[in-house]
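Hi,

Here is the structure we talked about. Please open it first, then read my notes below.

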Amino acid sequence: MNDIFYSRYGEEIEKTGKSMEKQLLEDIVPFWEKRAGDWENGGYFNCFDRTGSQYSNKKPGWFVGRNMYTFSALYRKISRNQRWLDLAELGRKYMETGFYAGNGRFQHMLSGDGQVIEGTTSIFTDHFAVKGLYEYIKACGKTNKQDISFAEYLTDTLLKNVKDEAILRTEGIPDGMQKHAVNFMTLIVLLEGRELFGDYYDRQLKECIRKSLYEFTDDGKKAPLEYVGTDGKPVYQKEGRLIDAGHTMESLWFSMYAGEVLGTDEYRIRAGEILDWVIDRCYDEENEGFIQTADVDGGKPEEEFCIVDYSGFPAAWDSKIWWVQAEGLNALFMSAVFNEDERHFQYFKRLYEYTERYFRDPQYGEWYAILDRKGNIICDKKGFELKGPYHIPRCLMEISLLAGKYTDRRKTSGGEE
């Protein structure tokens, strides 16, 4: 490790970690722990306006797994708060209701009383359910053999389904194309499953990492790609021209994390290189923050991809989205620490200042959902089908933990490794 980097930024990194932990425990988690749980019908409520008032009792399937993950991780990694484990258990019990569709699949949307509104239309619902179950098993001490067996069955089924074209078509993935999000979600599921299954799925895990770092990229154009052909080659038409800043950065910190777990320096170094491409193409130097999408040749995408619908709120290609900024913070901070990259640390500080100034709601807590390019609020809801206690608390938790590990390691080693 570079002693110059530590001596220059060690104190800032330590303060950043404490600031992130404070926001996590005094703002974000309290907002959700008193609202998310449905203690009568099971599962979770997710739809809250700016003030925290509930406006719908619909239950998005994504957030069964996501809430299980968040509250289990808080319990396991931050503090043995029984309230958090009880909230996580709500999700585990809900997997035994009609939320589980059978055959390793889960329903995408349910009513407040558990009626299916939309069925098995999202492979990501399955990813999040598996991921949440993993974390719950770990939080409980990995002692429940029945849960571990169920998790293994779900994992085996998921690995088959992510290659099933009929299932992928329900995600809107065109025939002949691969979507990066499916690949990196499989990557993180398999990576987080290593604590339960050892190296059993390492072949598939390493293939996902290879795809994220080398297949969903174009070195000639220095472009990360959201879609490539099933043969792994770029297809510069329609979806194939899209750069998705948030998805790319999410996959990059997953890959850096994998490098640390697997002891492979190549992954973090390559991820840092691609992160520079994202900064150059998608960071708004004038207004700060990451824009949502861009064309492979720069700037505005083709017209049909300029607007993304977020549960009735249209976000433009250059809008600023809560989860994109959260994944940007994670990727920039992880690369700054793992690669001791000064450029990435400077962009992290800029982005953190931007989110503090524009995204955090000083009156009612939590973050706004969507801003326009100049920072004006487009959507101030705190929760809906796509937003809830996941990207933001995960970001704050991961950064605070990594900052603590980094500074503790350097202090105990006297600044030397």
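Angles run from 0 to 180 degrees between N-to-C directions, and axes are lines fitted to C-alpha atoms over the stretch in contact. Helices are DSSP runs (H or I, at least four residues), numbered from the N terminus.

This is a predicted model, where local features need pLDDT of at least 70 and side-chain atom pairs count only at pLDDT 80 or more, while totals for chains, interfaces and linings use all residues. Residues are numbered from 1 along each chain as its sequence is written, and side-chain values use heavy atoms, without hydrogens or water.

Helix α12 (residues 322-338) packs on helix α14 (residues 391-412) at about 15°, with axes 9 Å apart. α12 and α14 are therefore roughly parallel. Their contact (heavy atoms within 4.5 Å) includes W322, L329 and F333 of α12 and I399 and L402 of α14.

Helix α4 (residues 123-139) meets helix α5 (residues 145-161) at about 155°, with axes 10 Å apart. So α4 is roughly antiparallel to α5.

Next, the core. A nonpolar core is a set of buried (under 20% relative accessible area, 1.4 Å probe, protein chains only) Ala, Val, Leu, Ile, Met, Phe, Trp, Tyr and Cys residues joined through side-chain atoms within 4.5 Å. The largest one has 136 residues. Helix α12 gives the most to it, with twelve residues. F348 is among those with the most contacts inside this core. Beyond its neighbours within four places in sequence, F348 touches T16, M20, L329, L332, F333 and I399.

Best wishes

Conventions
Buried < 20%, exposed > 50% of the residue type's maximum accessible area, 1.4 Å probe, protein only. Helix = DSSP H or I, 4+ residues; strand = E, 2+ residues; numbered from the N terminus. Parallel < 35°, antiparallel > 145°, perpendicular 65-115°, else oblique.
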